[in-house]
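The sequence and the model come first.

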Amino acid sequence: MNLALRDVRRHLPRFVGTAAGLALLFAVVIAMQGIYAGMVDDAKILTRTMGADLWVVQRDTLGPFAEASRLDPSLVRRAAVVPGVARARGYTYAIVQREHEGRTLRLALVGLSWPDDRGAELPLERGRELSRGRGELIVDRTLGLDLGDVLPLGDESLEVVGVTRDTLTSAGDAVAFLSIADWHSVVDASPDEALRLERERARARLLGTELGRSQPWLSELAIDPRWRAPVLPEPPLHAVLVDVAPDASPTEVEARLAGWPDVRVLSTPAQEQVLLDSVVGRAKLQIGLFTVILTLTAMVVVMMVLYTLAVEKTHDIAVLKLLGARRPTIAGLVLQQAWLLGLLAYLVAVGIGAMLYPTFPRRVVLTDEIRFLAPVVIFVVTTGASLLGVAHAMRVDAGKVLEG
Amino acid sequence: MSVSVRGEGLVKRFGRGEAAVRALDGVSIALDDGVIAALLGPSGSGKSTLVKALGLVQLPDEGVIHFRDRVVARDGLAVADLAELRRSHLGFVFQKANLVSFLSARENVEIAARIGGQRDPRARAEELLAYLDVGHRAKAYPEELSGGEQQRVAIARALANRPALVLADEPTAALDKERGRAVMELLRRVAHEQGAAVLVVTHDHRAMDVFDVVYEMEDGRLTGPLARSRDDAHAAAPTSAT
Ligand SMILES: Nc1ncnc2c1ncn2[C@@H]1O[C@H](COP(=O)(O)OP(=O)(O)O)[C@@H](O)[C@H]1O
Ligand SMILES: [Mg+2]
């Protein structure tokens, strides 16, 4: 005959109500851990989805996710011929925010090195990789766009040809993949007036030279919108992604590239670490703090509930002591109720989570670590919280029962 | 006739200085197996304090308590496992039934039998409830039972471990005359049929005929035993114990 269960059965509605309240607290704590794990995972997605072995970035920088990293486009060709390099691709990255059909779309634009990289390795849910060098876009499904939708960005109209899953930045922004050419015309798109001024400047510069003065018709060419090459440099890349050949040593290739004076080479884990440090470093502290506070709150709530339950049972406990009940039996009454409360709350929290987490704006990733630790922590918290109640139960004086 | 419990020179003080009360002021008493004794006395005279002392619940400051010729407490200190003695050999009945509120009638008896190490606690509980005519209320919770039913369940619980000593502190105070009488008769059967030593604190002078011996307390002092037709009582008491 389990006393704790009998008592719970007698006060079932209140017990279940308390467990439900507690479950909400636990669900929030678990969600925060899951959101943090999601952020960590998201931070790695940007590097993971590209599937490169090495990230070549501008010298003395930490790469495009931390700061401006500008590389000359010729670096792709230079890297491609280094012994041990299987493939070198350009990479550009920028966050853009645009109005679209009354919604604000915030997305991270990743430029792919068409035609070497068409997004074949992306986690596609629907649709296909890029098949043309211009005008096509692959987006994360959280953007809410469907295949065939056309998204006007800058001067371009991009058609959605693929939808990926779980491609978010650590800030929760959806990632969109497009060719680097499109990327430049979207991100570097200049307003018409700026272009007109730029061309006027080009014509003035031309007319200031001997050539311009002797060949005035050239100045007409300078302001022709189809003609831009000499005045604008080829736009820079933000990183060059290097795949190491299967039979080559990544460390050797890395050392070779690192010898170049204008670059820095980050292995993929190093690049991931940069993302983690810069983006989730502070969030980690914040979430850790909230977790501790909420866990303590849960502990105090459980403590008060269990203490109240124990105080209400003072008389029953005294009777049991009078009957000669052993101390572990009495302590077990309180302790087992604590565990029961924790178990019930945990199960309800898991149920709440299964229902609610998928609707959260941020990805909630319940890692194995969280799945293992949550019940352990709840067990420890409820055990700790029961101590006040157990102490009360231990202090109850059996002799009191005989009074009156 | 063997002695179940014996107290010698028991003194219990409450408070200090001016306000000090000697609830027990040198009490000696011996309770015999198979005998039901009454403990009378005005309110505040120390009856409950004596019951708690003999029940090993609240030890007196001075004096010696023997249980079955063994010293179990001396001058306020336990010299035996008192909880174990309570578990195995003692049964309590109180003015209020003091049942465990979250256990059914049957479970209240069963838990006592279980704590006392009975082999089949559940069967023991059912048997006792039937013996006390409350078998049909086995599933009811204490708050669903009448005062008389509660008291009978409490007596069943007190008997769960075939106690050598049953202590009852005003067990009929909350009952009407008829039911009070019935409870007293039951306790008498416990002494006479089961061979237990039974001590009953009571105010009820109308039920005196059920007792074999009578003690009286006044200001912490005990007088007695005043044998009430002692020979009749023993003649009426079969010595067999169940
Ligand atoms: N826990 C206690 N603290 C202080 N005084 C007590 C306590 N218990 C009993 N007393 C005092 O001891 C005396 C005897 O009490 P009690 O044994 O309960 O009397 P009775 O049961 O005969 O009415 C009373 O004066 C009472 O006030
Ligand atoms: Mg009293």
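Is Glu101(A) buried or exposed? Glu101(A) is exposed, with a relative accessible area of 71%; buried means under 20% relative accessible area, exposed over 50%, and partly exposed in between (1.4 Å probe, protein chains only).

## Basis of the model

This is a predicted model, in which local features need pLDDT of at least 70 and side-chain atom pairs count only at pLDDT 80 or more, while totals for chains, interfaces and linings use all residues. Residues are numbered from 1 along each chain as its sequence is written, chains are lettered from A and ligands numbered from 1 in the order in which they are written, and side-chain values use heavy atoms, with hydrogens and water left out.

## Chain A overall

Chain A has 12 helices and 10 strands. Helices (H or I, at least four residues) and strands (E, at least two) are DSSP runs, numbered from the N terminus. Of the 404 residues in chain A, 47% are buried. Among its contacts (heavy atoms within 4.5 Å) between residues at least 6 apart in sequence, 76% join residues at least 24 apart.

## Helix α1 of chain A

Helix α1 of chain A covers residues 3-10, and its buried residues are Leu3(A), Ala4(A), Asp7(A) and Val8(A). Seen down the axis of α1(A), these residues fall within an arc of 135 degrees, so they line one face of the helix; the arc is that of the directions from the helix axis to the C-beta atoms. An α-helix has 3.6 residues a turn, so residues three or four places apart point the same way.

The cover over the buried residues of α1(A) includes α2 (12-48), α10 (314-322) and α11 (327-356) of chain A, together with α3 (105-115) of chain B. At the start of α1(A), a side-chain oxygen of Asn2(A) comes within 2.8 Å of the backbone nitrogen of Ala4(A).

## Backbone exceptions

Most residues other than glycine have a negative phi, and most peptide bonds are trans. Glu101(A), in the loop between β2 (85-100) and β3 of chain A, has a positive phi, near 50 degrees. Leu56(B) also has a positive phi, near 60 degrees. Leu56(B) lies in the loop between α1 (47-54) and β4 (62-67) of chain B and is buried, with a relative accessible area of 2%.

The peptide bond from Trp114(A) to Pro115(A) is cis, with omega near 0 degrees. Pro115(A) lies in the loop between β3 (103-112) and β4 (124-127) of chain A.

## A cavity

On a 1 Å grid over the protein atoms alone, a cavity is a set of points where a 1.4 Å probe fits but cannot get out, and lining residues have an atom within 4 Å of a point. Grid points are joined across faces, edges and corners, and a volume is the space filled by probe spheres set on the points. A search of the whole structure finds 1 cavity of 30 Å³ or more. The largest cavity has a volume of about 80 Å³, and residues of both chains line it, including Leu322(A), Leu323(A), Arg86(B) and Phe92(B). β7(B) gives the most to this lining, with 3 residues.

Methods
A polar contact is a pair of N or O atoms within 3.5 Å; within protein, one must be able to donate a hydrogen and the other to accept it, and residues adjacent in sequence count only if both atoms are side-chain atoms. On a 1 Å grid over the protein atoms alone, a cavity is a set of points where a 1.4 Å probe fits but cannot get out, and a pocket is an open set with protein on both sides within 12 Å along at least five of seven lines; lining residues have an atom within 4 Å of a point.
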